Amino acid sequence: MLNSSNAMATIAVKDVARARTFYVDQLGLQPLDDGDPGLLTLRSGSSTVLVYHSPYAGSNQATAATWAVGDNIEALVQSLKDNGVAFEHYELPDTTRRGDFHVSGERMVAWCKDPDGNILCLVNT
């Protein structure tokens with residue numbers, strides 16, 4: 001079965017070149033050379049993010065990808081903000097908002113969107 005295979009986030013965008021600027025320059029992901037102008041493969045830690053052109057880009061109203069960033073979430077979010085990334089604020093049950101963070105117990109979560117409106121999540125777990 002699939003339990004020994006890696007999964008990757010797959011994110012649809014309208015403009016791969018514009019997405020490249022966001023994912024590489026603003027988020028700091030490492031591009032992997034794939035030679036296809038309609039695809040962008042990115043290294044993120046030991047995982048891969050596949051960004052591809054689709055006319056359905058931005059139609060997902062739920063989280064498209066999540067990064068478990070550990071205890072340095074506050075410094076990481078500040079660094080991303082300094083790099084031009086804007087964070088989203090939501091009203092969620094059993095959650096308190098502290099700046100850009102949604103806090104529930106020990107869990108801290110921050111969400112941002114890429115240029116096509118795909119929702120990306122950072123969590124401290």
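Morning, everyone. Keep in mind that what you see is a predicted model.

Let's start with the whole chain. The protein has 2 helices and 10 strands. Go along the sequence and the pattern reads β-α-β-β-β-β-α-β-β-β-β-β. How compact is the protein? Its radius of gyration is 15 Å. The globule rule gives 14 Å for 125 residues, and the two values are close, so the protein is as compact as a globular protein of that length. Its C-alpha trace spans about 45 × 35 × 25 Å along the principal axes.

Of the 125 residues, 38% are buried. The accessible surface comes to about 7,500 Å². Carbon and sulfur atoms account for 49% of that surface.

Next, contacts. Take those between residues at least 6 apart in sequence. Of these, 52% join residues at least 24 apart.

On to the rings. How many aromatic pairs does the structure hold? It holds 2. One is phenylalanine 22 with tyrosine 23. Their ring centres are 5.1 Å apart, and their planes stand at 90°. Edge-to-face pairs need an angle over 60 degrees, so this pair is edge-to-face. Phenylalanine 22 and tyrosine 23 are both buried.

Then we have tyrosine 90 and tryptophan 111. Here the centres are 5.4 Å apart and the planes are at 80°, so this pair is edge-to-face as well. Where do the two residues sit? Tyrosine 90 is in the loop between strand 6 (87-88) and strand 7 (96-98). Tryptophan 111 is in strand 9, residues 107-113. They are 21 residues apart, and the pair links distant parts of the chain.

Are these two buried or exposed? Tyrosine 90 has a relative accessible area of 27%, so it counts as partly exposed. Tryptophan 111 has 13%. Buried means under 20%, so tryptophan 111 is buried.

Last stop: serine 54. Find the loop between strand 4 (47-53) and strand 5 (63-68); serine 54 lies there. Its relative accessible area is 6%, so serine 54 is buried too. What does its side chain approach? A polar atom of that side chain lies 3.0 Å from the backbone nitrogen of tyrosine 56. Now set aside neighbours within four places in sequence. Serine 54 is then in contact with Ala12, Val13 and Lys14.

Methods:
Residues numbered from 1 in each chain as written. Predicted model: local features only at pLDDT ≥ 70, side-chain atom pairs only at ≥ 80, totals over all residues. Heavy atoms only, no water. Helix = DSSP H or I, 4+ residues; strand = E, 2+ residues; numbered from the N terminus. Buried < 20%, exposed > 50% of the residue type's maximum accessible area, 1.4 Å probe, protein only. Polar contact = N/O pair within 3.5 Å; in protein donor to acceptor, adjacent residues only side chain to side chain. Contact = heavy atoms within 4.5 Å. Phe/Tyr/Trp six-rings, centres within 6.5 Å; stacked < 30°, edge-to-face > 60°. Rg over C-alpha atoms; globule rule 2.2 N^0.38 Å. Areas by Shrake-Rupley, 256 points an atom, 1.4 Å probe, with all protein chains shown as cover.
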